[in-house]
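Let's take a friendly walk through this structure, one stop at a time. Have a look at the picture first, and then read on.

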Amino acid sequence: MQANVIRVFFLGFSAGIPIMLVFSTLSIWLEEAGVQRSSIGFFSWITLVYAFKWVWAPVVDRWSLPVLAPLFGRRRSWLLLSQVCLVMAIASMGMIDPQSHLAQMAVAALVVAFCSATQDIVIDAFRIESGETRQQGAMAASYMVGYRLAMIVATAGTLLLATYFQTDSTLYQYASWRWAYFAIACVMLVGIVATLSSPEPEEIQVTESLTPQPRNWIKKLYYSLIQPVIDLFERFKWITLILLILICTYRISDIVMGVMANVFYIDMGYTKQDIAAMSKTFGVVMTLLGAFFAGGLINRFGILKILLSGAILSAVTNILFIYLSQSEPSLLLLGTVIAVDNLSAGIAMAALIGFLSSITNKEFTATQYAWLSSAMLLLPKFLGGFSGVWLESLGYTHFFTMTALIGIPAIMCILYLIKKDWVPTKR
């Protein structure tokens, strides 16, 4: 295996750690600390930072950092800065007890999310610029494997560490979570080592202007924010509205339900070890398996039919959680529900990525895809913030029913496109 492909694996690992620490794993910590479910739901809004990273991406892309850039190069200096900040920010989360300092925890988690999103911006550019065209597939696959492995470490690994440091499983012990987050902060050193051992991409020159002319920034702003949207309406006319509704609502069932998933598992009597093994390890494997199956299914049946299947499965599998909520704790039952749910999620996500790619104009590849992927997350993440409020007022049965029903708009949009035999036009 080529050296640049291996380096991208470790950078992918570095990218996959932080997001789980401010989303999935943190929700379990907050639940154990006795934080209200409504507040846990609002914490999910922190991940909206990832949906807005296109806002400061031009700055990261164009500006060279003083002092660091001459030493390490433009891309590596931004990578190193974001990774060092991540280590400190994750460690700062471990120094805060959410039971008594919830607001401070929110600020620390927000800093982690911002630094993580910045790291993602640089890694994407670094990956594309560090390999030849024929290597991009291998490098993307290497990145995803590293990313998914890191998700297991940041979820299952953190939960197991918190359990290991816990001296009394019947009581909330802040110290166990503190040491677990400290340990994961140290794991982030893998990314720093990968950055220091990687050569700067040859295309990036440190001598480029640090202060672009105002006119260039105005043109870049127009090109990044306005022209990609105009292009969509020029190509798809009024169908663009159907596409936007579809994109904005496609993942809504999974994301709104997913915010409360860890809280649900704990309420049902499952331990951190159970959640680590079933949801955070086995579940991730099933998601990868679903994505693998989706590739072959799309080639055989077409993108819209698999997109429809993914939307239906994502909604229907939420109903399985109703049965789980009304049953006695059973690892076999938990594993079965998680297997079906994550397999469906893998199919749905792979289909959606393929769909977004199919309607993206190559003239605006980065900017237009950033817009579309942001639209994919904004509404679901925003509504997900209210999931705790809805759960407290509805209870699990009605909550899971609601999360299934809100997936209907996406299904209706796909059915309409299939009926019209719609095919995306590209330039």
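At roughly what angle do the axes of helix H13 and helix H14 cross? Keep in mind that this is a predicted model. Two packed helices are described by the angle between their axes and the distance between the axes. Here, H13 (residues 227–236) and H14 (residues 239–249) cross at roughly 120 degrees, with their axes coming within 8 Å. Angles of 65 to 115 degrees would count as roughly perpendicular and those over 145 as roughly antiparallel, so H13 and H14 are oblique to each other. On the H13 side, Leu-232, Phe-233 and Phe-236 make the contact, and H14 answers with Ile-239, Thr-240, Leu-241 and Leu-243. Six of the residues in this contact are nonpolar, one is polar and none is charged.

Next, let's turn to the interior. In soluble globular proteins, nonpolar side chains tend to be buried together. The largest nonpolar core in this model has 90 residues, and Leu-26 and Met-93 have the most contacts inside it. Helix H8 (residues 102–129) gives the most to this core, with 11 residues. A second, separate core holds 34 residues, including Phe-236, Ala-351, Phe-355 and Leu-356. Back at Leu-26, the contacts beyond its neighbours within four places in sequence are Met-20, Leu-21, Phe-43, Met-93, Met-105, Ala-109 and Tyr-181.

Our last stop is the cysteines. How many disulfides does a search of the whole structure find? The count is zero. Cys-248, for one, is in no disulfide, as the nearest cysteine sulfur belongs to Cys-413 and lies 9.8 Å away. Cys-248 has 21% relative accessibility and therefore counts as partly exposed.

How values were computed: Residues are numbered from 1 along each chain as its sequence is written. This is a predicted model: local features need pLDDT of at least 70, side-chain atom pairs count only at pLDDT 80 or more; totals for chains, interfaces and linings use all residues. Side-chain values use heavy atoms; hydrogens and water are left out. Axes are lines fitted to C-alpha atoms, for helices over the stretch in contact, and angles run from 0 to 180 degrees between N-to-C directions. Helices (H or I, at least four residues) and strands (E, at least two) are DSSP runs, numbered from the N terminus. Angles under 35 degrees count as roughly parallel, over 145 as roughly antiparallel, 65 to 115 as roughly perpendicular and the rest as oblique. Contact means heavy atoms within 4.5 Å. Ala, Val, Leu, Ile, Met, Phe, Trp, Tyr, Cys and Pro count as nonpolar, Asp, Glu, Lys and Arg as charged, and the others, Gly among them, as polar. A nonpolar core is a set of buried Ala, Val, Leu, Ile, Met, Phe, Trp, Tyr and Cys residues joined through side-chain atoms within 4.5 Å. Buried means under 20% relative accessible area, exposed over 50%, partly exposed in between (1.4 Å probe, protein chains only). A disulfide is a pair of cysteine sulfur atoms within 2.5 Å.
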